[in-house]
Amino acid sequence: MRKLILLFFSILFFTQCTSVKKKNELLQEFIPIDKLHSDVDFTYRKLQQLHPNLYEYIDKVVLDHKFDSLKNTINTPLKPLDFYKKLSPIVAAVKQGHSVVYGPTTLFTKRETKAILKRGIGPLSQFEFSYLNDKLYVIKNKSTTRSIQPGTEVIGINHIKPIDLITEYNNFYTSDGYNTTLKKLQSSKRFNTFFTIENGIHDSLEYQFQYKDSLKKITISRLKTVTPEKKFASITPSKKQPKITAVERKALKALKKKKKTNGYNKESEDYNRNLDFIGKDSTIALLKIRTFTNGNYKRFYKQSFEALKKYQTKTLIIDLRDNGGGRLSEVAYLYSYLSDSSFVFLQKSEVVSRGSLFKGAYWHGGSLPIKVLKVLLTPIVYSYILATVHKNKNGKNYYATETSKHKASKNVFKGKIYVITNGGSFSAASILSSNLKGSKRATFVGTETGGSYNGTVAGFMPIYQLPNSHLKIRIGIMDMKPYFSTPIKGHGIYPDKEINLKLNEILTEKDPELDWILQDIKK
């Protein structure tokens, strides 16, 4: 039996290595013209089959012309990266942020990934950047080269200018509609991805820095970290560890429960949701929500709003900055604690057809066992889709989700609400903001959201691999619109008080949005 298990894992490892090697080799191969044309047609066909509002921000004639012109410009074989640079701007021209072409990247086996991590933190990951006024700045320096001050401008990396790379790659993705705040914010966050797609992974990079009037070149190499094995190597195995007391055991149990409730993020070592009180008393509360994913959100909001009621909190500040969205069920549940009356959270979501929902959402993806299970459940699922997808008078198909009338929670917050947003407030965070803005339930501070006021095409988002270039495209298949809307097309939720961050405020970790709110409360 042991030999059979070893044989199985050996075959699995060999298969994985072969598959990864083959896919990496494809990155360097030139794809014939006719196959590239075929992938262009495949992309447009999938968009037309699945995307319910493809021509909301671009006329059909214009998009048809863009895809036709793209094929006309492809008159020589191309590598996947070169093809990506031609195809992705056309998909981005649809101006629906959830639909995107992913850039080709080198793949690694589990063993290779482990070996890279063992070598230490990469030279790009040793800095946090901010992109302001067409310049890339170091905000935090985690390298051993302490002479690099926060606020230092990155002029070049291996002679590549950040502004050139960011300007090029900003054409390859989009926000919802005509919004610009998302890209202003995301340029620095996505810079590492842009650089890696273009140049691969490096163990060392030569940076060109400018601080005030001083220019210098510094090579940053991988930063070796202490592995758990080495960390505990000095502990003598025979040495007995002290027993955990009952108090410590109780504290650990409470911490474990908090991690499950608030949603703990291992990478950032922080929680997805936090409720804190500001000041000496409990009259002002700050609810920070980084994402609407992970964690027992019902328990968290139940406990949080019970606390607000118990402590007679008068003002609630909801921080949605950099919240990229998540579960629709969560934002609808949260809204039940914020709405001053019964409410409808969403209008009916448009889909191309019952088939698009069935094929794109249900049938797409999954391992072989999952697909077998799907076959068995098909009659039930299809019956459900038949019952929930209806054709309206205008001939369009609609799917009802979160469209029924909800009651406000018994612990609904009745005080003053402020919401802080920026270009990173996207998807479900924007839908929540739309309803809070439309119902005049909150005062908004910060910058325009990255997601559209009038909704977004997301919901189920299948990812398809193009047959020849092996590029991947993600497509939203549900046009989800909040109950409230605005006549201003293609923009997010505008703040009542606009505040744009300055470099010195970022460097000193000041929070002018929160400061303004606290001053406004005093008034």
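Q: At what angle do helix H2 and helix H4 pack, and how far apart are their axes?

A: Two packed helices are described by the angle between their axes and the distance between the axes. In this predicted model, helix H2 (residues 33–50) and helix H4 (residues 80–92) pack at about 25 degrees, with their axes 12 Å apart. That makes H2 roughly parallel to H4; angles under 35 degrees count as roughly parallel, over 145 as roughly antiparallel, 65 to 115 as roughly perpendicular and the rest as oblique. Axes are lines fitted to C-alpha atoms, for helices over the stretch in contact, and angles run from 0 to 180 degrees between N-to-C directions. Helices (H or I, at least four residues) and strands (E, at least two) are DSSP runs, numbered from the N terminus.

Q: Which residues make the contact between H2 and H4?

A: Contact means heavy atoms within 4.5 Å. H2 contributes Leu36, Asp39, Val40, Thr43 and Leu47, while H4 contributes Phe83, Leu87 and Val91.

Q: What rules apply to the numbering and the values?

A: Residues are numbered from 1 along each chain as its sequence is written, and side-chain values use heavy atoms, with hydrogens and water left out. As the model is predicted, local features need pLDDT of at least 70, side-chain atom pairs count only at pLDDT 80 or more, and totals for chains, interfaces and linings use all residues.

Q: What is the order of the strands in the open sheet of 6 strands?

A: Strands of a sheet pair through backbone hydrogen bonds, either parallel or antiparallel. Two strands pair if DSSP finds at least two bridges between them. Here the order is E9-E10-E11-E17-E18-E23, with mixed pairing. E9 and strand E23 (497–498) stand at the edges with a single partner strand each, so one side of each has no neighbour in the sheet.

Q: In which sense do E11 and E17 pair?

A: Strand E11 (residues 315–319) pairs with E17 in the parallel sense over 5 bridges, and isoleucine 318 has valine 419 as its bridge partner in E17. Strand E10 (residues 284–289) also pairs with E11 in the parallel sense, over 5 bridges; leucine 287 stands opposite isoleucine 318. E17 and strand E18 (residues 443–446) are parallel over 4 bridges, with threonine 421 opposite glycine 446.

Q: Is strand E17 largely enclosed or open?

A: Buried means under 20% relative accessible area, exposed over 50%, and partly exposed in between (1.4 Å probe, protein chains only). In E17 (residues 416–421), 5 of the 6 residues are buried, so the strand is largely enclosed by the rest of the structure.

Q: Which residues of H17 are buried?

A: Pro512, Glu513, Leu514 and Ile517 of H17 are buried. Their cover includes strand E9 (273–278), E11, E17, E18 and H16.

Q: Where does aspartate 322 lie, and what is its phi?

A: Most residues other than glycine have a negative phi, and most peptide bonds are trans. Aspartate 322 has a positive phi near 65 degrees. Its place is in the loop between E11 and helix H12 (328–335), and at 39% relative accessibility aspartate 322 counts as partly exposed. Glutamate 509 also has a positive phi, of about 55 degrees, and lies in the loop between helix H16 (503–507) and helix H17 (512–522). At 58% relative accessibility, glutamate 509 counts as exposed.
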